[in-house]
Every structure is written in structure tokens, then in C-alpha cells.
Amino acid sequence: MIDSLTQPDPDQIRNWLADVPDPEVPAVSVMDLGIVRDVQWQDDELVVAITPTYSGCPATSVIAFEIEAALRAKGIDRLRIERRLSPPWTTDWITQEGRQRLQAYGIAPPAETAGGPSPFDRFLRKDLVIACPRCQSENTERVSEFGSTPCKAQYRCRDCLEPFDYFKCI
Amino acid sequence: MNQQDALFEYLLRLGDNALILGHRLSEWCGHSPALEEDLALSNVALDLIGQTQLWLNLAGEVEGKGRDADKLAYLRDGRDFRNVLLVEQPNGDFAVTMARQFYFDAWHYLLLRELAGSRDPRIAEIAAKGLKEVTYHLERSRDWVLRLGDGTEESHRRMQTAIEDLWMYTGELFESDEIDQAMAGEGLGPDLATLQEPWLGLVRATAEEATLSLPQPGWAQKGGKRGIHSEHLGYILADLQFLQRAYPNATW
């Protein structure tokens, strides 16, 4: 039983959550992706605020479940997962470590920061140059705006010829 | 109509547009011209269904009668749906689907951009979330209008036919009735008429680049926002609602 004297520190809890993998991209954790927005005790109840990456992301409920399971395993029994929409999730919240892990896993991390030009201006722009996560070649082409999940686009490397996913910037 | 009823109706319109278009796009799953397109159309559908849940859950909360997004989606009849006629039009060929999407995305983008500044923070946060998704929907559907319009003789012919056939459903997007006016008056949503010029600007510029000729603004087919739908909605609902109608309260 946890009381106010034995409550684990929120930083400790964040460390635990850094071991909870994202269900769709297990190379990165829910902390790496910036899905966990807040961890705090409200009296004897732990409140973890999470935000969906995409409105229709089917992983959101799995993520909530896995966070809950991980924290219960650490002995936290009074726990509430709060869903928070605002501010909306952005790829800018993916940590540096997260970006390196994506790269090592074969997914090119977001190449721009969000909040760039609106589509009305962006239409005129050339396609972004995305480096191949395997051979680092910049000689790549986009195959599709969508890859295996809504958050990714599909690319192909013209040098090593491998297809790869690119984590889109939103 | 009091303020709460008007807000409920307004939220139904937002949710139903996303729901019905999301359903239409999901009909392509397994039938698209290429695997990448199959993925893309299904993913756009998924975004729209996600937005539907947010809007319709809020609508149910405002209504205060214990209806959530599922109840509103599965247990209302056609006359209670508030989507615009454009989104219920059949998929047709790929050009029709992409022309419908482009007309809608351009409007949806402009609308959500305004709603992100709504005085109601619940509306503002859903709009800000959806706007990120709709931004790339718009880039993609615009790209297809260009590729098909400025493509082969056959693709050009089909896209030209599609933009003409769907044109009469675009007028409804900019018509304000007493509900839109009540929302605009409270600072909850934009005056829809102000979206028309930027929409036309984008659509005209795209048509020109795609070597397509845009019809002149003219007579508009409308009624969806008040529940008067084309014959197509009934078929969509028969498909969408079958399971809950046949096996009430089924869950998995």
C-alpha cells in the first residue's frame, strides 16, 4: 500500500514509463514519443495524462492499458489515466534519444519541425530530402504518403534499394 | 432553439461530415488501384473516424441524454444525420473520390483553422487536433487532382467530369442557417460565407494548374445539414448500422 510518505517521485515514475514501449513502434517508448504529458500525485491517486498522436490512432487505448499495467506492477494501485487533447501532439516532442532509436530501428525520424508553412504556401515547395536510415544516402524517393501506420510515409532508397518508413512531421 | 440545442446540432454536423466521408473512404479498402492508395485511403478514413469520435462524444455530452459517439453513429435514422450532401455522394471512379475529397478537404481545412480559435475550448482543441491531419489530407487530394487532371487524356477526361458532377454539392458548404449564425454570433464558429473566397482561390488555382476548367458558381443542391439527404445516405446507414441494428448492444 502506498501512502504519502512512500509515494514514488514523479521523476521515478517517468523512468519506469521510459520502459513502456509504443505498441506500434516498439523501438521507442511512450516517453520517447512524448505521449505522456504529465505525471502527478493528486492526494493518494496518481494521475498520468496522455495524448493521442492521431485522432484515430487505434494504439491509444492499448497505450493507456500498458501504462496502467506497468505502474500496477510497481505497486501503484490508485491510478487514473487522463486523456488530454490540447495542445495537440506534435513530432517535435519526440526526444533526441527517441529519434536515434527510430533511426537505428530503420525508421527515418521527422526531418522538419512542425508548425511550418501552411499547405497554401507549402504546395509550391519541392519534396523534402529524407536520408535513408540504413545507408544514409539522400538519393531517396517517396512511394506513398502513408506507410504501415498513419504516422509514417513510405520511401525507397535509390542507392541501397531498401524501402523504409519515414516518421511524418505533424 | 436554445443555445444548447444549437450547439448540439452544430457538433452533429461536424461529426457527421467526418463519419460519412470516413465511411465512404473505408469502402475503398481492398479495392484501390494500388496498394499504397489502399493504405492511404484507409488511413485518411481512420483519421476522419477518430475526429468523428471526438465531435460526436462532445455532441452527446452537450445534449446530456447519455448518448455517446457510438449511440449517435449507430442508432440515428437518416433524417437525423446532419452531414452535407457532398460527403455522401458515391465513390464513383478514383477521380470522383479524389475530386470529392479535394473539395471537402479544402473547406474542412479552412473551417478547422477557424474553429481552432473558437471561444469554446472543447471545440478549439478538437479542431486544432484535426487540423494537423486535414492539412495532409488536403495536400494529398490536391496532388491527385493535379496528377489526374494534368495526366493522360483519359485521366484528364475523368477528373474533368468528376469536378463538374460534384460542383453542385459545394454550394451547401458556405450556406449559413440560423444554427451557423447563432454559433458565429457567440464566437464559437466562423461565418461560413467568409470561407468561400479562400476556398475558391485554392480550387481555382489548383484547377488551372491541373488544366481543368472549373464550372461557374451557380445553383446548389442542399439539404443535408437539415436532414434532407440524397438516396445514397440510406444505403450507407444500412451498411454502417447493420450490426448494431441486428444485434443491439453487441460489443467486442
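How many residues of chain A are in contact with how many residues of chain B? The count is 28 residues of chain A against 27 residues of chain B, contact here being heavy atoms within 4.5 Å.

This is a predicted model, where local features need pLDDT of at least 70, side-chain atom pairs count only at pLDDT 80 or more, and totals for chains, interfaces and linings use all residues. Residues are numbered from 1 along each chain as its sequence is written, chains are lettered from A and ligands numbered from 1 in the order in which they are written, and side-chain values use heavy atoms, leaving out hydrogens and water.

View 1. Putting the two chains together buries about 2,400 Å², counted as accessible area (1.4 Å probe) lost by the two parts and summed over both. Carbon and sulfur atoms give 67% of that area.

**View 2. Helix 1 and helix 2 of chain B.** Helix 1 (residues 3-26) and helix 2 (residues 35-63) of chain B have axes that come within 8 Å and cross at roughly 160°. That makes the two helices of chain B roughly antiparallel (the label for angles over 145 degrees). Axes are lines fitted to C-alpha atoms over the stretch in contact, with angles from 0 to 180 degrees between N-to-C directions. Helices (H or I, at least four residues) and strands (E, at least two) are DSSP runs, numbered from the N terminus.

**View 3. Helix 5 and helix 9 of chain B.** Here helix 5 (residues 94-115) and helix 9 (residues 196-209) of chain B pack at about 145°, axes 10 Å apart. On the helix 5 side of chain B sit B:Phe102, B:Tyr103, B:Ala106, B:Trp107 and B:Leu110. They meet B:Pro198, B:Trp199, B:Leu202, B:Val203 and B:Thr206 from helix 9 of chain B.

**View 4. Two loops of chain A.** A cis peptide bond, omega about -5°, joins A:Ser86 and A:Pro87. A:Pro87 belongs to the loop between strand 3 (79-83) and helix 3 (96-105) of chain A.

View 5. A:Glu68 and A:Arg72 pair up through their side chains at 2.9 Å, N to O (the rule wants a side-chain nitrogen of Lys or Arg within 4 Å of a carboxyl oxygen of Asp or Glu). These two are about one helical turn apart because four residues separate them in helix 2 (residues 60-73) of chain A. Over all chains, the rule counts 27 salt bridges.

Note on methods. Angles under 35 degrees count as roughly parallel, over 145 as roughly antiparallel, 65 to 115 as roughly perpendicular and the rest as oblique.
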